[in-house]
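Hi,

Here is the structure I said I would pass on. Have a look at it first, and my notes follow below.

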Amino acid sequence: MQYAAGLTILFLTLSTLELPVKLAILSSELVKECSSLLPSTRFFELSAAIVCGRSPSSIPKQLQEGGLVHLIVVSGAHLIFLENILRTLGRNRLPSWAVGLLLAGYTITTGLQPPCLRSLIQWSLGRWVRRAG
């Protein structure tokens, strides 16, 4: 209960510091940087949407008709996938706080999209519960 109250106070404090505006600017810059690292191919818009969380200028008609638009929308699954990659590359030796920082950075890069932010909060609470025992 104290943890939830602490989170509430933290979010209220951060909202008064114009943090959302600053994070939006940071997110925009990170998305631009991420997009600049991708190869320029005919699939650039899709890969930028999937990898960087960039909003595609046009969604291919085939994805709309097939009901597959959700594949290019940033979701919590992206966060889980990224955690698994980090754990595999780090051979499970990366401390949870380092993984958490990288996941938070990714969440900021995606513009704090609600599904991604929700997954980050859930991941954080899960780690906290495991530590609390």
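A word on terms before the notes: by contact I mean heavy atoms within 4.5 Å. Please bear in mind that this is a predicted model, where local features need pLDDT of at least 70 and side-chain atom pairs count only at pLDDT 80 or more, while totals for chains, interfaces and linings use all residues. Residues are numbered from 1 along each chain as its sequence is written, and side-chain values use heavy atoms, with hydrogens and water left out.

I'll start with Thr 109, which sits in helix H6 (helices are DSSP runs of H or I, at least four residues, numbered from the N terminus). Thr 109 counts as buried because its relative accessibility is 13%; buried means under 20% relative accessible area, exposed over 50% and partly exposed in between, with a 1.4 Å probe and protein chains only. Not counting residues up to four places away in sequence, Thr 109 touches Ser 27, Leu 30, Val 31 and Cys 52. A polar atom of its side chain also lies 2.8 Å from the backbone oxygen of Gly 105.

Next, the packing around H7. Helix H6 (residues 96–109) packs on H7 at an angle of about 170°, with the axes 10 Å apart. Axes here are lines fitted to C-alpha atoms, for helices over the stretch in contact, and angles run from 0 to 180 degrees between N-to-C directions. That angle makes H6 roughly antiparallel to H7 (under 35 degrees is roughly parallel, over 145 roughly antiparallel, 65 to 115 roughly perpendicular, and the rest oblique). The residues in this contact of H6 with H7 split into eight nonpolar, three polar and one charged; Ala, Val, Leu, Ile, Met, Phe, Trp, Tyr, Cys and Pro count as nonpolar, Asp, Glu, Lys and Arg as charged, and the others, Gly among them, as polar.

Helix H5 (residues 76–89) also packs on H7, at about 50° with axes 7 Å apart, so the two are oblique to each other. From H5, Gly 76, Leu 79, Glu 83 and Arg 87 meet Pro 115, Cys 116, Ser 119, Leu 120, Trp 123 and Arg 127 in H7. That contact of H5 with H7 comprises five nonpolar, two polar and three charged residues.

Finally, Leu 120 in H7 (residues 114–132). With 11% relative accessibility, Leu 120 counts as buried. Leaving aside neighbours within four places in sequence, Leu 120 is in contact with Leu 79, Gly 100, Leu 103, Ala 104 and Thr 107. The C-alpha atoms of Leu 120 and Leu 79 are 7.4 Å apart, although 41 residues separate them along the chain.

Cheers

Terms used: A polar contact is a pair of N or O atoms within 3.5 Å; within protein, one must be able to donate a hydrogen and the other to accept it, and residues adjacent in sequence count only if both atoms are side-chain atoms.
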